[in-house]
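Biologist: Can you walk me through how the pieces of this one fit together? I'd like to look at it with you.

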Amino acid sequence: ITNLEGKAMKKVIKRTLLFIIVISVTVAGVFVYKGYKLYETAINETSIIDMQRQIKENTENYTEIEDVPEIYLNALVAVEDKRFYMHQGVDIISIGRAVITDIKAKKLIEGGSTLTQQLAKNTYFSQKKEITRKIAEVFAAIQYEKELSKEDILELYINTCYYGDGYYSIADAALGYFDKD
């Protein structure tokens with residue numbers, strides 16, 4: 001390969017890489033736009049404060065956070081979102097760890113969602129694994145964190161989380177599994 005051919009080859013490689021980057025950024029932008037629109041539609045239909053009120057009013061055995069043992073709340077945070085009190089709805093470290101794990105496994109096996117993102121999913125979006133839903137969930141989680149305290153978010157989470165066997169609140173799970181309030 002002559003020096004002239006080498007320069008031409010480098011130019012082709014640079015242009016190809018630039019093209020790939022432009023396409024990737026464009027595709028990512030489309031997903032972010034669609035996710036934002038999904039979030040915007042959900043929030044416009046029911047605001048965070050209205051959602052909080054609806055959950056409190058419509059959950060048959062709604063449980064105030066003060067009525068839940070602190071050891072349970074500490075365990076929940078430790079297992080589900082150990083940086084819960086440090087982030088503003090999204091934990092980049094957890095997302096990065098999940099992405100690396102999923103890439104290594106060559107399939108989706110680990111999630112990086114915070115408790116707030118899970119609350120957003122449970123209250124506004126479907127359970128389908130879709131990129132646009134995940135992006136919408138991020139926007140909603142940030143909105144939850146802007147409008148509610150960490151304690152309010154945790155209280156809503158324990159009253160909307162799926163505990164298995166058809167139980168969707170901590171009170172229902174306690175009654176169903178242990179016959180206890």
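**Helix packing and a few single residues**

Biologist: Which residues are buried in helix 3?

Modeller: Leu73, Leu76 and Val77 are the buried ones in helix 3. They span an arc of only 95° around the axis, so they sit on the same side of helix 3. Buried means under 20% relative accessible area, exposed over 50%, and partly exposed in between (1.4 Å probe, protein chains only). The arc is taken from the directions from the helix axis to the C-beta atoms. One caveat: this is a predicted model, where local features need pLDDT of at least 70 and side-chain atom pairs count only at pLDDT 80 or more, while totals for chains, interfaces and linings use all residues. Residues are numbered from 1 along each chain as its sequence is written, and side-chain values use heavy atoms, with hydrogens and water left out.

Biologist: And what is exposed on the other side of helix 3?

Modeller: Ile71, Ala78 and Val79 are exposed there. By helix I mean a DSSP run (H or I, at least four residues), numbered from the N terminus.

Biologist: What do the buried residues of helix 3 pack against?

Modeller: Helix 5 and helix 7. "Pack against" here is about contact, meaning heavy atoms within 4.5 Å.

Biologist: OK, helix 3 and helix 7 then. At what angle do they pack?

Modeller: About 85°, and the axes are 12 Å apart. Helix 3 and helix 7 are therefore roughly perpendicular to each other. The axes are lines fitted to C-alpha atoms, for helices over the stretch in contact, and angles run from 0 to 180 degrees between N-to-C directions. For the labels, under 35 degrees is roughly parallel, over 145 roughly antiparallel, 65 to 115 roughly perpendicular and the rest oblique.

Biologist: Which residues meet there?

Modeller: From helix 3, Tyr72, Leu73, Leu76, Val77 and Glu80, and from helix 7, Leu154, Tyr157 and Ile158. By class, that contact of helix 3 with helix 7 divides into seven nonpolar, no polar and one charged. Ala, Val, Leu, Ile, Met, Phe, Trp, Tyr, Cys and Pro count as nonpolar, Asp, Glu, Lys and Arg as charged, and the others, Gly among them, as polar.

Biologist: Let's switch to helix 5. Why is helix 5 largely enclosed?

Modeller: Because eight of its ten residues (helix 5 is 115-124) are buried, the rest of the structure largely encloses it. The buried ones are Leu115, Thr116, Gln117, Gln118, Leu119, Ala120, Thr123 and Tyr124. They pack against helix 1 (3-45), helix 2 (48-58), helix 3 (70-80), helix 6 (131-147) and helix 7 (150-160).

Biologist: How do the axes of helix 5 and helix 7 cross?

Modeller: They come within 10 Å and cross at roughly 50°. That makes helix 5 oblique to helix 7. Helix 5 passes helix 7 in a left-handed crossing, that is, with the near helix turned anticlockwise from the far one by less than a right angle. By class, the contact of helix 5 with helix 7 has six nonpolar, five polar and no charged residues.

Biologist: What about helix 2 and helix 6, at what angle do they pack?

Modeller: About 80°, with their axes 10 Å apart. That makes helix 2 roughly perpendicular to helix 6. Ile48, Ile49 and Met51 in helix 2 meet Ala140, Gln143, Tyr144 and Glu147 in helix 6. The residues of that contact of helix 2 with helix 6 come out as five nonpolar, one polar and one charged.

Biologist: Where is Lys56, and what is it in contact with?

Modeller: Lys56 is in helix 2 and counts as partly exposed, at 36% relative accessibility. Leaving aside neighbours within four places in sequence, Lys56 is in contact with Tyr62 and Glu155. Lys56 and Asn159 are 103 residues apart in sequence and 8.5 Å apart in space, C-alpha to C-alpha.

Biologist: Last one: where is Ala171?

Modeller: Helix 8. Ala171 counts as buried at 13% relative accessibility. Again leaving aside neighbours within four places in sequence, Ala171 is in contact with Asn61 and Thr63.

Notes
Helices (H or I, at least four residues) and strands (E, at least two) are DSSP runs, numbered from the N terminus.
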